[in-house]
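Take a look at it first, then read on.

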Amino acid sequence: MWLLAGLGVVVMGLVAAAYLFNVSLMMFRTGSMEPTIPVGAVAVVREIPADQVEVGQILTVQRPDHLPVTHRVTAVEPGPAPAQRTIRMQGDANTTEDAMPYVIATGGEVLFWVPGGAQILSALGTPYARMGITLAAAGFVGWAFWPRRAEPAPGPPVRAAPRHAASSSRQDR
């Protein structure tokens with residue numbers, strides 16, 4: 001039970017960290033960043049302002065009407081507004097830069113990645129896995145709060161009155 005409670009605390013801590021530090025998870029479904037980041041990896045990405053973007057960084061950029069792209073930054077130039085930057089990127093496995101530059105106000109800095117993490121997260125997102133997790137959690141909560149037999153109070157054992165004490169009180173009458 002302590003293990004499950006500890007796991008719950010870890011999960012709550014990760015959710016709080018995601019909110020406080022503006023981090024998210026990114027799953028890699030293409031090989032454009034191989035061999036650095038393999039297909040099926042999950043990366044932890046933290047949002048940063050455009051003025052902190054540097055050449056050589058692995059950055060995730062949100063694209064309107066498309067999935068985000070995560071590639072290595074090859075060039076950083078001033079953008080149309082003071083808080084924006086125009087960047088060029090290229091995947092490690094690609095032979096050319098991306099076709100168009102990206103104008104960004106923020107980007108997602110890749111902090112680290114876990115190879116094979118996407119399969120685990122995808123498996124946990126299936127309806128059967130969610131049902132199993134929910135049933136297991138409900139079972140543990142039910143077990144924890146299920147009424148138990150009353151245990152004797154700790155302390156010295158209670159002794160019965162000696163037999164001769166009861167018989168002597170009859171003689172005194």
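How do the residues of the lining of the second largest pocket divide into nonpolar, polar and charged? They split into 7 nonpolar, 4 polar and 2 charged (Ala, Val, Leu, Ile, Met, Phe, Trp, Tyr, Cys and Pro count as nonpolar, Asp, Glu, Lys and Arg as charged, and the others, Gly among them, as polar). Keep in mind that this is a predicted model, where local features need pLDDT of at least 70 and side-chain atom pairs pLDDT 80 or more, while totals for chains, interfaces and linings use all residues. Residues are numbered from 1 along each chain, and side-chain values use heavy atoms, leaving out hydrogens and water.

**Pockets**
- A pocket here is an open set of points on a 1 Å grid over the protein atoms alone, where a 1.4 Å probe fits, with protein on both sides within 12 Å along at least five of seven lines; lining residues have an atom within 4 Å of a point.
- The second largest pocket is lined by 13 residues, and Met-26, Met-27, Arg-29, Leu-67 and Pro-68 sit closest to its centre.
- As for the largest pocket, 16 residues line it, with Leu-14, Leu-25, Val-42, Val-44 and Leu-121 nearest its centre.
- That lining has 14 nonpolar residues, 2 polar ones and no charged ones.

- Strands β3 (residues 58-61) and β4 run antiparallel, joined by 4 bridges.
- Ile-58 faces Arg-72 in β4.

Technical notes:
Two strands pair if DSSP finds at least two bridges between them. Helices (H or I, at least four residues) and strands (E, at least two) are DSSP runs, numbered from the N terminus.
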